[in-house]
Amino acid sequence: MGMSEFYGAADDTESVATIHRALDLGVTLLDTADMYGEGANEELVGRAIADRRDRVVLATKFAIVRDPDDPHARTIRGDAPYVRQAAEASLRRLGVDHVDLYYQHRVDPNTPIEETVGAMAELVEQGKVRHLGLSEAGAETIRRAHAVHPITAVQTEWSLWSREIEDEVVPVCRELGIGIVPYSPLGRGFLTGRFTSRSDFGDDDFRLTTQPRLAEENFDRNLALVDAVRTVAARKGITPGQLALAWVHSRGADVVPIPGTKRRTYLEENVAAADIELSGEDIAEVEAAVPVTEVAGTRYPEAALRLLGR
């Protein structure tokens with residue numbers, strides 16, 4: 001996502017080099033969406049993998065529709081005609097004949113999940129999609145969707161400071177044999193310890209205006225939690241980001257986090273975290289350093305929260 005929008009200036013040359021380096025390091029899953037850069041990110045990914053498609057598990061998403069007249073306005077569509085329309089557009093931008101994993105980005109409150117997944121299942125029958133996923137869906141919706149067609153993966157935010165899915169979503173995924181794909185496993189980058197003040201973010205970085213946890217009234221309280229992570233990481237000789245990412249990896253073999261980065265340097269740091277083994281004591285220590293009851297602010301503004309967990 002950040003390669004095309006939201007996280008400051010884009011550098012397509014570095015982005016493509018980062019994708020190529022990821023594949024060279026053994027990363028296989030690449031995740032994009034039609035709304036990232038209003039299609040620009042799919043085009044970028046398509047160019048990057050054009051000569052190495054067979055090395056990639058390619059995932060993209062649909063359902064969030066942006067208003068061309070208002071960059072901040074969003075609607076959600078999951079009706080069958082739109083599913084087919086969005087899939088064709090994504091395939092065209094990606095320059096491929098199929099995607100390996102196709103997600104509904106957000107659940108449409110006005111369309112039964114059975115209609116949406118039924119249309120997605122038709123794409124599987126046509127060979128345009130290999131597997132189906134849901135993003136930010138609630139437990140009951142996951143059950144209903146899975147009854148229409150097997151759901152392969154559920155993508156949702158999961159990190160040291162976002163653990164809401166542990167109560168219902170994780171148990172139902174494990175009951176049904178659905179993989180879990182945590183996005184923002186580094187807390188929008190904040191858990192890496194690279195940001196020590198709001199001025200460290202660029203003026204065009206959406207996190208300052210859309211992330212309540214980074215708002216002025218919450219920033220210092222949450223920064224104290226990052227400092228605690230930094231202390232634990234230092235004792236282990238790793239970076240705070242690697243500790244935070246290793247914690248997500250430790251949640252289970254069915255958990256595949258997707259840390260985003262625009263640069264090869266951070267990519268290599270993230271990939272190395274997959275080889276870090278955390279003991280039970282390590283896990284207890286880092287969880288004690290970041291008690292979820294001490295996190296200040298919600299993970300999205302109230303209006304956006306109403307679209308989650310449906």
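Biologist: Is the crossing in which α1 passes α2 left-handed or right-handed?
Modeller: This is a predicted model, where local features need pLDDT of at least 70, side-chain atom pairs count only at pLDDT 80 or more, and totals for chains, interfaces and linings use all residues. Residues are numbered from 1 along each chain as its sequence is written, and side-chain values use heavy atoms, with hydrogens and water left out. A crossing is left-handed if the near helix is turned anticlockwise from the far one by less than a right angle, and right-handed if clockwise. The crossing of α1 past α2 is right-handed.

Biologist: At what angle do α1 and α2 pack?
Modeller: Helices (H or I, at least four residues) and strands (E, at least two) are DSSP runs, numbered from the N terminus. Axes are lines fitted to C-alpha atoms, for helices over the stretch in contact, and angles run from 0 to 180 degrees between N-to-C directions. The axes of α1 and α2 lie 9 Å apart, and the packing angle is about 55°.

Biologist: What does that make α1 relative to α2?
Modeller: Angles under 35 degrees count as roughly parallel, over 145 as roughly antiparallel, 65 to 115 as roughly perpendicular and the rest as oblique. The α1 and α2 angle is about 55°. That makes the orientation of α1 to α2 oblique.

Biologist: Which residues of α1 and α2 make the contact?
Modeller: Contact means heavy atoms within 4.5 Å. On α2, the contact is made by Leu-44, Val-45, Arg-47, Ala-48 and Ile-49. On α1, it is made by Asp-12, Ser-15, Val-16, Ile-19 and His-20.

Biologist: How do the residues of that contact of α1 with α2 divide?
Modeller: Ala, Val, Leu, Ile, Met, Phe, Trp, Tyr, Cys and Pro count as nonpolar, Asp, Glu, Lys and Arg as charged, and the others, Gly among them, as polar. The α1 and α2 contact divides into six nonpolar, two polar and two charged.

Biologist: Which residues does Arg-52 touch?
Modeller: Arg-52 sits in the loop between α2 and β2. Its relative accessibility is 16%, so it counts as buried (under 20% relative accessible area; exposed is over 50%, partly exposed in between; 1.4 Å probe, protein chains only). Leaving aside residues up to four places away in sequence, Arg-52 touches His-20 and Leu-23.

Biologist: How many salt bridges does a search of the whole structure find?
Modeller: A salt bridge is a side-chain nitrogen of Lys or Arg within 4 Å of a carboxyl oxygen of Asp or Glu. Searching the whole structure gives a count of 25.

Biologist: How many residues apart are Arg-21 and Glu-268?
Modeller: Their side chains meet in a salt bridge, 2.9 Å from N to O. The pair links distant parts of the chain, with Arg-21 in helix α1 (residues 12-24) and Glu-268 in helix α10 (residues 264-272). Arg-21 is partly exposed at 30% relative accessibility, and Glu-268 is partly exposed at 35%.

Biologist: What parts does the pair of Arg-55 and Asp-24 tie together?
Modeller: The two side chains form a salt bridge, 3.3 Å from N to O. The pair ties together parts 31 residues apart in sequence: the loop between α2 (40-49) and β2 (57-62), and helix α1.

Biologist: Which residues join Arg-299 and Glu-164 in one network of salt bridges?
Modeller: In the salt bridge of Arg-299 with Glu-164, the closest N and O atoms are 4.0 Å apart. Arg-299 is buried at 8% relative accessibility, whereas Glu-164 is partly exposed at 44%. Through shared partners, the network also takes in Glu-136, Glu-157 and Arg-213.

Biologist: Is Ser-184 buried or exposed?
Modeller: Ser-184 has a positive phi of about 50° although it is not a glycine. Most residues other than glycine have a negative phi. Ser-184 lies in the loop between β8 (179-183) and α7 (207-210). At 11% relative accessibility, Ser-184 counts as buried.

Biologist: And Glu-38, buried or exposed?
Modeller: Glu-38 has a positive phi of about 50° and is not a glycine. Its place is the loop between β1 (29-31) and α2. With 56% relative accessibility, Glu-38 counts as exposed.

Biologist: How far apart are the axes of helix α3 and helix α4?
Modeller: Helix α3 (residues 80-94) and helix α4 (residues 113-125) pack at an angle of about 40°. They are therefore oblique to each other. Their crossing is right-handed. The distance between their axes is 8 Å.
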